[in-house]
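Trainee: I would like to learn how to read a protein model. Could you take me through one, feature by feature?

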Amino acid sequence: MLVARPTASETSCPCCGSRTSRVHSHYQRRLADLPWHGRVVEVQLQARRWRCINPECPRKIFTERLPETVLPKARRMTRLCEHHLAIGFAAGGEPGSRLSRKLGMPVSGDTLLRWYGWRRVDIGAARRRS
(Lines give C-alpha, C1' and ligand atoms only; values in the text may rest on other atoms or scores of the structure.)
Protein backbone atom coordinates (compact mmCIF):
# COMPACT_ATOMS: atom_id res chain seq x y z
CA MET A 1 0.00 0.00 0.00
CA LEU A 2 1.23 3.45 -0.94
CA VAL A 3 0.15 6.60 0.89
CA ALA A 4 -0.30 9.80 -1.14
CA ARG A 5 -1.19 13.29 -0.05
CA PRO A 6 -1.95 16.24 -2.39
CA THR A 7 0.23 19.28 -1.74
CA ALA A 8 -1.75 22.18 -3.25
CA SER A 9 -2.27 24.99 -0.77
CA GLU A 10 -5.42 26.22 -2.50
CA THR A 11 -7.97 25.08 -5.07
CA SER A 12 -10.95 26.29 -7.08
CA CYS A 13 -14.59 25.60 -6.28
CA PRO A 14 -16.04 23.34 -9.02
CA CYS A 15 -19.35 25.21 -8.83
CA CYS A 16 -18.40 28.92 -8.92
CA GLY A 17 -14.64 28.86 -9.66
CA SER A 18 -13.60 30.88 -6.58
CA ARG A 19 -10.11 30.15 -5.25
CA THR A 20 -9.97 29.04 -1.63
CA SER A 21 -7.35 27.94 0.87
CA ARG A 22 -9.79 27.00 3.66
CA VAL A 23 -9.65 23.27 4.41
CA HIS A 24 -12.85 21.88 5.94
CA SER A 25 -11.73 18.32 6.72
CA HIS A 26 -9.73 15.32 5.50
CA TYR A 27 -10.80 11.89 4.32
CA GLN A 28 -9.16 8.81 2.86
CA ARG A 29 -9.74 7.20 -0.52
CA ARG A 30 -8.46 3.74 -1.38
CA LEU A 31 -7.58 3.50 -5.07
CA ALA A 32 -6.38 0.63 -7.23
CA ASP A 33 -3.29 1.46 -9.32
CA LEU A 34 -1.10 -0.26 -11.90
CA PRO A 35 0.76 -3.33 -10.61
CA TRP A 36 4.35 -3.22 -9.48
CA HIS A 37 6.39 -6.32 -10.41
CA GLY A 38 3.17 -8.28 -10.82
CA ARG A 39 1.79 -7.27 -7.42
CA VAL A 40 -1.50 -5.47 -6.93
CA VAL A 41 -0.96 -1.88 -5.73
CA GLU A 42 -3.38 0.09 -3.61
CA VAL A 43 -2.95 3.83 -3.07
CA GLN A 44 -4.35 5.38 0.06
CA LEU A 45 -5.07 8.96 -0.96
CA GLN A 46 -5.49 11.41 1.91
CA ALA A 47 -7.78 13.92 0.23
CA ARG A 48 -9.35 17.09 1.60
CA ARG A 49 -12.72 18.78 1.69
CA TRP A 50 -12.63 22.52 1.15
CA ARG A 51 -14.90 25.44 2.07
CA CYS A 52 -16.01 27.79 -0.69
CA ILE A 53 -15.41 31.40 0.32
CA ASN A 54 -18.02 32.81 -2.08
CA PRO A 55 -21.19 33.51 -0.03
CA GLU A 56 -23.31 33.36 -3.22
CA CYS A 57 -22.14 29.84 -4.13
CA PRO A 58 -24.70 27.07 -3.52
CA ARG A 59 -21.90 24.58 -2.75
CA LYS A 60 -20.42 25.46 0.64
CA ILE A 61 -18.16 22.39 0.93
CA PHE A 62 -16.55 20.46 -1.92
CA THR A 63 -13.99 17.71 -2.33
CA GLU A 64 -10.55 17.99 -3.81
CA ARG A 65 -10.37 17.32 -7.56
CA LEU A 66 -7.42 15.45 -9.07
CA PRO A 67 -8.50 14.98 -12.72
CA GLU A 68 -5.13 13.71 -13.99
CA THR A 69 -4.98 11.08 -11.25
CA VAL A 70 -8.50 9.92 -10.45
CA LEU A 71 -12.04 10.87 -11.44
CA PRO A 72 -14.56 11.91 -8.78
CA LYS A 73 -16.01 8.89 -6.94
CA ALA A 74 -13.76 6.48 -8.88
CA ARG A 75 -12.03 3.60 -7.12
CA ARG A 76 -9.35 3.11 -9.79
CA MET A 77 -6.70 5.54 -10.92
CA THR A 78 -7.13 6.83 -14.48
CA ARG A 79 -4.01 5.08 -15.81
CA LEU A 80 -5.30 1.70 -14.56
CA CYS A 81 -8.67 2.42 -16.22
CA GLU A 82 -6.88 3.14 -19.51
CA HIS A 83 -5.07 -0.21 -19.35
CA HIS A 84 -8.29 -2.05 -18.51
CA LEU A 85 -10.07 -0.31 -21.37
CA ALA A 86 -7.34 -1.33 -23.85
CA ILE A 87 -7.51 -4.94 -22.65
CA GLY A 88 -11.31 -4.87 -22.90
CA PHE A 89 -11.16 -3.57 -26.48
CA ALA A 90 -8.60 -6.19 -27.50
CA ALA A 91 -9.80 -9.29 -25.66
CA GLY A 92 -13.39 -8.69 -24.57
CA GLY A 93 -15.06 -9.58 -21.28
CA GLU A 94 -14.00 -12.86 -19.67
CA PRO A 95 -10.79 -13.33 -21.71
CA GLY A 96 -9.81 -9.77 -20.81
CA SER A 97 -10.58 -10.46 -17.18
CA ARG A 98 -8.31 -13.53 -17.17
CA LEU A 99 -5.51 -11.57 -18.89
CA SER A 100 -5.86 -8.67 -16.47
CA ARG A 101 -5.67 -11.02 -13.50
CA LYS A 102 -2.47 -12.60 -14.89
CA LEU A 103 -0.97 -9.10 -15.30
CA GLY A 104 -1.78 -8.15 -11.69
CA MET A 105 -4.72 -5.88 -12.55
CA PRO A 106 -7.80 -7.87 -11.50
CA VAL A 107 -11.12 -6.76 -12.96
CA SER A 108 -14.33 -8.61 -13.78
CA GLY A 109 -15.38 -9.36 -17.34
CA ASP A 110 -18.67 -7.54 -16.75
CA THR A 111 -16.79 -4.37 -15.75
CA LEU A 112 -14.68 -4.51 -18.92
CA LEU A 113 -17.82 -4.86 -21.05
CA ARG A 114 -19.57 -2.04 -19.17
CA TRP A 115 -16.63 0.33 -19.75
CA TYR A 116 -16.53 -0.71 -23.41
CA GLY A 117 -20.23 0.16 -23.71
CA TRP A 118 -19.72 3.57 -22.11
CA ARG A 119 -16.75 4.30 -24.38
CA ARG A 120 -18.70 3.23 -27.46
CA VAL A 121 -21.51 5.63 -26.52
CA ASP A 122 -18.94 8.44 -26.03
CA ILE A 123 -17.35 7.78 -29.42
CA GLY A 124 -20.74 7.60 -31.13
CA ALA A 125 -21.84 10.91 -29.58
CA ALA A 126 -18.58 12.56 -30.67
CA ARG A 127 -19.06 11.33 -34.25
CA ARG A 128 -22.63 12.68 -34.37
CA ARG A 129 -21.43 16.12 -33.21
CA SER A 130 -18.77 16.28 -35.95
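Mentor: Let's go through the core, the helices, the cysteines, the salt bridges and a few backbone angles. Please keep in mind that this is a predicted model.

Trainee: Thanks! Which residues make up the largest nonpolar core?

Mentor: To read a core, look for buried nonpolar residues joined through their side-chain atoms. Here the largest such set has six residues: Leu31, Val41, Val43, Leu45, Val70 and Met77. Strand E5, which covers residues 39-51, gives the largest share of this core, namely three residues. There is also a second, separate core of five residues, and Cys13, Trp50, Cys52 and Cys57 are among them.

Trainee: Let me zoom in on Leu45. What does Leu45 touch, leaving aside residues up to four places away in sequence?

Mentor: With those sequence neighbours not counted, Leu45 is in contact with Ala4, Pro6, Tyr27, Gln28, Arg29, Leu31, Leu66 and Val70. Two of these names, Leu31 and Val70, you have met already as members of the largest core.

Trainee: Ser100 and Gln28 both came up. What separation do their C-alpha atoms have?

Mentor: They are separated by 26 Å, and along the chain Gln28 and Ser100 are 72 residues apart.

Trainee: I noticed some cysteines. How many disulfides are there?

Mentor: For a disulfide, two cysteine sulfur atoms must lie within 2.5 Å. A search of the whole structure finds zero. Take Cys15: the nearest cysteine sulfur belongs to Cys57 and is 4.1 Å away, and Cys15 is in no disulfide. Cys15 counts as partly exposed, at 42% relative accessibility. Cys81 is partly exposed as well, with a relative accessible area of 24%.

Trainee: What about charged residues? How many salt bridges does the structure hold?

Mentor: Side chains of opposite charge can pair when their charged atoms come close. This structure holds four salt bridges. One of them joins Glu10 and Arg19, with the closest N and O atoms 3.3 Å apart. Glu10 is partly exposed at 36%, and Arg19 is partly exposed at 43%.

Trainee: Which residue forms a salt bridge with Arg79?

Mentor: That is Asp33, and the closest N and O atoms are 2.6 Å apart. This pair links distant parts of the chain, since Arg79 is in helix H1 and Asp33 in strand E4 (residues 23-36), 46 residues apart. Arg79 is partly exposed at 43%, whereas Asp33 is buried at 7%.

Trainee: And where do Arg48 and Glu64 lie?

Mentor: Arg48 and Glu64 meet in a salt bridge too, at 2.6 Å from N to O. Arg48 is in strand E5 and Glu64 in the loop between strand E6 and H1, so the pair ties together parts 16 residues apart in sequence. Both Arg48 and Glu64 are buried.

Trainee: Last topic: what phi does His37 have?

Mentor: His37 is not a glycine, yet its phi is positive, about 50°. His37 sits in the loop between E4 and E5 and is exposed at 71%. Lys73, also not a glycine, has a positive phi of about 70°. Lys73 belongs to the loop between E6 and H1 and is exposed, with a relative accessible area of 82%.

How values were computed. Residues are numbered from 1 along each chain as its sequence is written. This is a predicted model: local features need pLDDT of at least 70, side-chain atom pairs count only at pLDDT 80 or more; totals for chains, interfaces and linings use all residues. Side-chain values use heavy atoms; hydrogens and water are left out. A nonpolar core is a set of buried Ala, Val, Leu, Ile, Met, Phe, Trp, Tyr and Cys residues joined through side-chain atoms within 4.5 Å. Buried means under 20% relative accessible area, exposed over 50%, partly exposed in between (1.4 Å probe, protein chains only). Helices (H or I, at least four residues) and strands (E, at least two) are DSSP runs, numbered from the N terminus. Contact means heavy atoms within 4.5 Å. A salt bridge is a side-chain nitrogen of Lys or Arg within 4 Å of a carboxyl oxygen of Asp or Glu.
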